Amino acid sequence: MSLTVDLRHRFGAFALEVDFEAPEGITALFGRSGSGKTTVVNAVAGLLRPDTGRIAVEGVTVFDSGARVNLAPHRRRFGYVFQDARLFPHLDVAGNLAYGLRFSPRGAAGASLDEVADLLGLETLLGRRPGALSGGEKQRVAIGRALLSRPRMLLMDEPLAALDAARKSEILPYLERLRDRTGLPILYVSHAVAEVARLATTVVVLEGGRVVQAGPAEQVLSDPALVRQIGIREAGAVLPATVTRHHADGLSELAISGGRVFLPQIDLAQGERTRVRILAHDVILSRAAPEGLSALNILPATVIALREGSGPGVMVQMKCGTDRLLARITRRSADALGLAPGVGVHAVIKSVSVARIDVGGG
Amino acid sequence: MSWLGPEEWQAVGLSIKVAFWATLLSLPFGVLCAYALARWTFRGKMVLNGLIHLPLILPPVVTGYLLLMAFGRRGPVGEFLEAQLGLVLAFRWTGAVLAAAVMAFPLMVRAIRLGIEAVDVRLEEAAATLGAPAWAVFLTVTLPLILPGIVAGTALAAAKAMGEFGATITFVSNIPGETRTLPSAIYSFLQVPGGEAPALRLVAVSVAVALLALAASEWLARRAARRITGA
């Protein structure tokens with residue numbers, strides 16, 4: 001089950017030229033606004049006809065300019081969740097959900113309306129009109145409607161962008177459940193690093209209409225070469241972790257490949273797998289093993305590369321266990337510590353630096 | 001309502017019959033033309049738009065005369081219809097239906113077109129991504145959303161059809177019981193001495209019908225609009 005996209009399209013001065021694969025799980029199409037993300041998703045959905053290229057899902061070619069294949073949107077069976085929900089105003093929530101089911105192919109397996117309502121917490125909303133829903137509720141209904149059309153894959157175009165932080169954190173768990181329970185591949189467009197870090201299994205970074213990097217989320221997000229696309233404040237590493245213990249003092253202990261980290265209590269059971277995101281500017285480096293320090297998390301690491309920017313800072317990429325870490329320090333400190341590839345360091349991270357949104361299931 | 005004489009009743013009844021059929025029969029074409037003008041790009045779009053609006057601009061008597069030339073028993077279309085379908089329009093109530101429909105058509109198309117232009121195309125895109133083929137998108141999304149426009153267009157067209165005079169009298173004359181509609185009857189009563197009283201009664205009926213139609217369409221349009229705002 002995967003999506004293959006290879007397309008070229010021009011409008012005016014903007015040239016889009018992308019080629020990527022989206023395997024199972026959530027593939028994030030990440031980039032700033034204007035990088036061509038929405039154009040790619042619209043082309044995949046069939047709402048925009050690219051100049052040339054090929055798009056295939058699960059081995060079914062939905063577009064191939066060479067073979068003159070161009071399936072109409074309703075034959076492609078991509079469930080599309082738009083940024084603006086686009087619920088039908090003349091139907092209530094139940095009607096909107098049923099609309100998805102109505103045109104789904106006969107005999108296609110998938111969740112029932114009740115199951116979807118349960119998954120997305122829509123039971124109490126069924127009789128309401130879209131005008132009487134909050135932004136977060138609308139988006140949940142839109143996701144449910146798309147799911148009920150029994151799609152081959154879900155497309156989500158910045159589904160959280162129009163929502164405030166509280167509504168976002170209300171929907172994120174539903175998206176995680178979707179990823180973990182339905183096994184439906186999802187192409188997820190976003191320019192928010194925190195969202196991508198929390199949800200994505202694969203990340204495709206777009207810039208100026210081109211793919212600049214693609215691969216597993218942990219690798220791509222920890223790549224110091226992508227600091228410009230991600231933003232210097234948002235740059236950081238994403239590490240897979242397992243919850244090992246919840247301590248009485250309000251801290252949760254998680255095992256990562258290079259040691260253990262303490263975080264403020266997270267609501268996952270012992271043994272559950274998750275990800276932690278450690279921002280580069282929250283990491284302090286020390287050559288000697290530090291003592292008498294308030295920071296709880298001290299991870300041994302080996303410098304892999306240093307990357308200088310235009311400012312006084314240096315991005316240090318390290319190997320910690322089998323994972324990567326990023327630290328942003330000044331060039332002066334890097335020189336003072338004699339940092340170079342192969343040098344062993346200790347990465348120091350305050351527990352409270354890891355914000356809750358940066359921790360997600362997976 | 002014995003205060004209306006049999007002749008007057010006949011005129012009122014005929015007018016309602018003519019307006020009903022004129023509106024009903026032109027509605028599908030009205031929706032189609034409005035949709036074509038609002039959404040499609042094709043050669044001759046300007047021509048179609050002009051043709052539809054022509055009766056609004058031309059003197060009604062000219063429209064009536066053109067109808068007579070085309071649909072009269074010796075007109076090219078009239079001859080064909082009589083030979084193939086046995087349908088005679090000239091000087092029959094069926095002709096009054098055609099005249100009323102042609103005159104009311106531009107009003108109907110304008111109102112529906114405005115409704116279609118107000119529909120958010122992105123909702124139709126959403127329906128397509130959910131698996132709905134184009135015809136289903138039209139029936140399940142577009143049509144319900146343009147219902148207020150259709151209601152408004154239908155009401156306008158019906159009111160216009162009720163009161164059509166110039167084209168009707170030119171095309172199908174003023175035959176009691178056959179083509180003497182409400183306005184023709186008022187006109188006829190005013191031509192004879194002592195006809196003021198029945199004319200005045202028919203005027204009262206006209207005003208009442210017009211007000212009723214206006215109120216009904218307002219109520220329906222508001223109901224439909226409430227439905228689609230999703231509140």
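Trainee: In which helix of chain A does Glu115(A) lie?

Mentor: In this predicted model, Glu115(A) belongs to helix α4 of chain A, which covers residues 113–119. On the surface, Glu115(A) gathers with Asp114(A), Asp118(A) and Glu123(A) in a patch of negative charge.

Arg179(A) has a relative accessibility of 10% and so counts as buried. In sequence Arg179(A) is 22 residues from Thr201(A), while their C-alpha atoms are 9.6 Å apart in space. A salt bridge connects the side chains of Glu170(A) and Arg167(A), with an N to O distance of 2.7 Å. Because these two residues are three positions apart in helix α6 of chain A, about one helical turn separates Glu170(A) from Arg167(A). Both partners are partly exposed: Glu170(A) has a relative accessible area of 23%, and Arg167(A) has a relative accessibility of 30%.

Another salt bridge of chain A pairs Asp84(A) with Arg86(A), their closest N and O atoms being 3.2 Å apart. Here Asp84(A) is partly exposed at 36% relative accessibility, whereas Arg86(A), at 13%, counts as buried.

Chain B supplies a salt bridge between Glu124(B) and Arg39(B), with the closest N and O atoms 2.9 Å apart. This pair links distant parts of the chain, as Glu124(B) sits in helix α6 (residues 121–129) of chain B and Arg39(B) in helix α1 (residues 6–39) of chain B, 85 residues apart. Glu124(B) is buried, with a relative accessible area of 9%, while Arg39(B) is partly exposed at 25%. Elsewhere, salt bridges with shared partners join Asp84(A), Arg86(A), Asp120(B), Arg122(B) and Glu125(B) into one network. Over all chains the count comes to 23 salt bridges.

As for its overall build, chain B has ten helices and zero strands. The C-alpha trace of chain B spans about 70 × 45 × 30 Å along its principal axes, and buried residues make up 45% of its 231 residues. Helix α9 (residues 182–191) of chain B is largely enclosed by the rest of the structure, because seven of its ten residues are buried. Among the buried residues of α9(B) are Leu182(B), Ile186(B) and Phe189(B).

The surface of chain B also carries a nonpolar patch, formed by Val61(B), Val62(B), Tyr65(B), Leu66(B) and Met69(B), with about 440 Å² of accessible area together. Of these residues, Val62(B) is placed in helix α3 (residues 60–71) of chain B and is partly exposed, with a relative accessible area of 32%. Leu147(B), in helix α7 (residues 134–163) of chain B, is likewise partly exposed, at 33% relative accessible area. Leu147(B) and Gly115(B) are 32 residues apart in sequence, yet 7.8 Å apart in space from C-alpha to C-alpha.

Note on methods:
Residues numbered from 1 in each chain as written. Chains lettered and ligands numbered in written order. Predicted model: local features only at pLDDT ≥ 70, side-chain atom pairs only at ≥ 80, totals over all residues. Heavy atoms only, no water. Patch = residues over 30% accessible without salt bridge, like charges linked within 9 Å, V, L, I, M, F, W, Y side chains within 5 Å. Areas by Shrake-Rupley, 256 points an atom, 1.4 Å probe, with all protein chains shown as cover. Salt bridge = Lys/Arg side-chain N within 4 Å of Asp/Glu carboxyl O. Lys, Arg positive; Asp, Glu negative; His and termini not counted. Charge placed at Lys NZ, Arg CZ, Asp CG, Glu CD. Helix = DSSP H or I, 4+ residues; strand = E, 2+ residues; numbered from the N terminus. Buried < 20%, exposed > 50% of the residue type's maximum accessible area, 1.4 Å probe, protein only.
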